[in-house]
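Please consult it alongside the sequence and the coordinates.

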Amino acid sequence: MEAVQVAVIGGGPAGLMAAEAASAAGVSVALFDAQASVGRKLLIAGKGGLNLTHAEPYSAFLSRYGSRRDVLEPHLDRFGPAAVREWARGLGIDTVIGSSRRVFPSDFKAAPLLRAWRHRLRQAGVAFHMRHRWRGWDHERALVFVTPGGVVSVPADAVVLALGGGSWPQLGADGAWVSTLREEGVAVAPLKPANCGFDVEWSPHFQSRHAGQPVKQVGVRVEDMDGVAHLHRGEFVITRDGVEGGVIYALSAPLRELLAARGAAIMHLDLAPDRPLDRLERELGRPRGSRTVASHLKRYARIEGVKAGLLREFAPPEHFADAACLAAAIKNLTLPVRAPRPLEEAISSAGGVVFGDLGADGMLRALPGVFCAGEMLDWEAPTGGYLLTACFATGRSAGRAAAEWCLRERPAP
């Protein structure tokens with residue numbers, strides 16, 4: 001294959017944005033992906049409504065990136081939530097803000113946006129090469145790809161790697177690139193599950209009755225390694241193996257780190273977040289008469305179904321005979337978790353290329369002319385548009401930097 005100016009490897013959001021940014025800077029761009037088409041994870045993520053970004057105040061938005069806020073903030077300053085919405089508008093896709101301040105395409109669909117994006121990239125001259133699985137470099141430092149027609153080598157002036165993490169192996173994000181980069185002297189933190197479910201040791205009775213049921217309107221608190229409390233309110237789902245869902249995903253980072261360091265972690269559940277403790281005590285202290293405990297809980301605490309099951313599962317039996325103890329258990333039920341679910345089941349991954357091995361422009365210090373973007377970098381964020389926005393932002397930065405490198409090293413005649 002002929003030499004290219006900028007090769008982008010990976011056809012997810014970060015790679016597509018890198019290709020767009022590099023092409024807009026005036027260089028020729030070829031995009032390579034192992035799959036038969038680009039944007040497959042984007043399409044899967046958009047099945048329930050494509051959450052593009054979030055419309056909360058910007059300082060709160062930045063806080064969602066935790067310890068990686070400082071390194072991601074310059075990229076997000078250049079292409080943050082407002083810019084994402086304007087970019088979508090440029091594709092002919094209007095956006096709406098949901099009740100939780102999440103931002104979606106007005107039709108909530110991913111496919112129209114992806115089609116418009118692919119069309120614009122092709123119009124800009126981006127060449128797409130599908131079913132090209134990257135396998136590193138050859139002895140002449142050309143890119144090596146395995147294709148249905150055999151192995152091909154592609155010389156490139158600059159390269160953007162946007163290979164994803166390790167949480168979607170069926171769509172190509174299998175983390176196979178980790179060993180390749182480590183062999184080149186690049187520091188890569190181990191890939192770990194993020195936005196994931198966790199195993200819980202249910203009793204057979206609870207598992208058989210409640211697996212698959214949602215637990216709605218609860219408060220969840222986790223104290224991290226430093227004793228800082230992380231509080232979230234929402235819902236989650238009971239699975240045969242444990243728990244998963246929005247509020248669990250939001251707490252996956254501190255839970256995962258506690259399990260790694262201590263081998264144990266606890267979630268504290270508030271099963272009645274809208275009812276103060278003293279009110280619960282008064283209500284549950286009413287004479288029960290001939291009513292069963294279950295009927296009493298339902299009538300005076302609105303605890304029934306799966307919530308009542310959780311209370312039976314983890315509250316000591318003697319607490320059900322004491323209104324104060326029962327109210328305390330409802331407001332602070334301890335639920336121990338055993339382990340995160342496997343990486344391939346997670347929505348996203350933590351770990352990846354460490355930022356210390358990158359320059360400010362996203363170029364690998366060990367590999368001049370090679371830039372990294374997206375989820376293969378060592379950061380994580382909760383769901384809610386934060387993952388996608390940072391992938392867009394780092395992809396855009398890497399694409400621009402790769403084009404500038406290319407033009408600086410090989411200026412036009």
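In the hairpin of β4 and β5, 4 residues lie between the strands, and Arg-101 adopts a positive phi near 75°. The model is a predicted one, in which local features need pLDDT of at least 70 and side-chain atom pairs count only at pLDDT 80 or more, while totals for chains, interfaces and linings use all residues. Residues are numbered from 1 along each chain as its sequence is written, and side-chain values use heavy atoms, with hydrogens and water left out.

Helices (H or I, at least four residues) and strands (E, at least two) are DSSP runs numbered from the N terminus, and two strands pair if DSSP finds at least two bridges between them. Strand β5 has antiparallel links to β3 and to β4. His-54 stands opposite Arg-102 in β5, and Ile-97 has Val-103 of β5 as its bridge partner. A further antiparallel pair is formed by β8 and β9, where Phe-145 faces Val-152 of β9.

| Strand pair | Residues | Bridges |
|---|---|---|
| β3 and β5 | 53-54 and 102-105 | 2 |
| β8 and β9 | β8: 143-147 | 5 |
| β4 and β5 | β4: 95-97 | 3 |

Phe-79 is located in the loop between α4 (69-78) and α5 (81-90). Its relative accessibility is 7%, so Phe-79 counts as buried (under 20% relative accessible area, with exposed over 50% and partly exposed in between, for a 1.4 Å probe and protein chains only). Leaving aside residues up to four places away in sequence, Phe-79 touches Met-17, Val-84, Trp-87, Thr-389, Phe-392, Ala-393 and Arg-396, contact meaning heavy atoms within 4.5 Å. The C-alpha atoms of Phe-79 and Ala-324 are separated by 52 Å, with the two residues 245 apart along the chain.

Helices α11 (residues 277-284) and α12 (residues 293-301) pack at about 135°, their axes 9 Å apart. Axes are lines fitted to C-alpha atoms, for helices over the stretch in contact, and angles run from 0 to 180 degrees between N-to-C directions. The angle therefore makes α11 oblique to α12; angles under 35 degrees count as roughly parallel, over 145 as roughly antiparallel, 65 to 115 as roughly perpendicular and the rest as oblique. Leu-280, Glu-283 and Leu-284 of α11 make the contact with His-296, Leu-297, Tyr-300 and Ala-301 of α12.
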